[in-house]
Amino acid sequence: QVHLCFGMQGHLATLLEHQAWKLAQSLGRKWEKICSQEGEEQLLTCLSLFLQCSRFYQKAKRYQRHLIANDFAALICVQLKAVQIHLAASLQEQQNSGPRGSAGGA
C-alpha cells in the first residue's frame with residue numbers, strides 16, 4: 001500500500017518478482033514435488049505474483065520488465081496446466097481402480 005501511495009510501483013514490482021522467483025526456486029525441479037497439490041498451490045501463488053508484478057511494471061512504464069514478467073507468467077501457466085491435467089488423470093485413475101479392486105477382493 002505504501003509503495004502505491006508514493007508512486008513506487010516499479011519498486012513494488014521488483015519485490016513481487018523477487019518473491020515469485022524465490023517461490024519458483026523453492027519448488028525445485030523434481031516432477032514428484034511439482035506434480036502434487038502443494039506444487040499446484042505454489043505454482044498458483046507464483047503465477048499470481050508474476051501477474052501482479054507485471055501489472056505494476058506496466059503502471060511504472062517499465063514495459064520491458066512488464067513483458068518479461070508476462071512471459072514468466074505464461075510459462076507458469078503451462079506448467080500449472082500440465083500439473084492439473086496430471087492430477088486430474090491420477091484422480092480419475094484412482095476412482096476407476098478403487099471400486100474394481102474392492103469388488104475383486106470380495
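The largest pocket in this predicted model has a volume of about 390 Å³. A pocket here is an open set of points on a 1 Å grid over the protein atoms alone, where a 1.4 Å probe fits, with protein on both sides within 12 Å along at least five of seven lines. Its volume is the space filled by probe spheres set on the points, which are joined across faces, edges and corners. Lining residues, meaning those with an atom within 4 Å of a point, number 16 for the largest pocket, and W21, A24, G28, I76 and Q79 lie nearest its centre.

Who supplies that lining? At least two residues each come from α2 (9–27), α3 (31–34), α4 (37–59) and α5 (63–105), and α5 gives the most, with five. By class, the lining has twelve nonpolar, three polar and one charged residues. In that count, Ala, Val, Leu, Ile, Met, Phe, Trp, Tyr, Cys and Pro are nonpolar, Asp, Glu, Lys and Arg are charged, and the others, Gly among them, are polar.

Stepping back to the whole chain, there are five helices and zero strands. Both are DSSP runs numbered from the N terminus, with helices (H or I) of at least four residues and strands (E) of at least two. Of the 106 residues, 27% count as buried, that is, under 20% relative accessible area with a 1.4 Å probe and protein chains only.

Buried residues in α4 include L43, C46, L47, F50, C53 and S54. After the helix comes K61, with a positive phi near 60°.

S54 sits in α4 and is buried, with a relative accessible area of 3%. The side chains of S54 and H66 are joined by a polar contact of 2.9 Å, a term for a pair of N or O atoms within 3.5 Å, where within protein one must be able to donate a hydrogen and the other to accept it, and residues adjacent in sequence count only if both atoms are side-chain atoms.

As for the cysteines, C46 is buried at 2% relative accessibility and C35 at 11%. With a disulfide taken as a pair of cysteine sulfur atoms within 2.5 Å, the count comes to zero. C46 is in no disulfide, and the nearest cysteine sulfur, that of C53, is 9.4 Å away.

Residues are numbered from 1 along each chain as its sequence is written. Local features need pLDDT of at least 70 and side-chain atom pairs count only at pLDDT 80 or more, while totals for chains, interfaces and linings use all residues, and side-chain values use heavy atoms, with hydrogens and water left out.

Conventions: Buried < 20%, exposed > 50% of the residue type's maximum accessible area, 1.4 Å probe, protein only.
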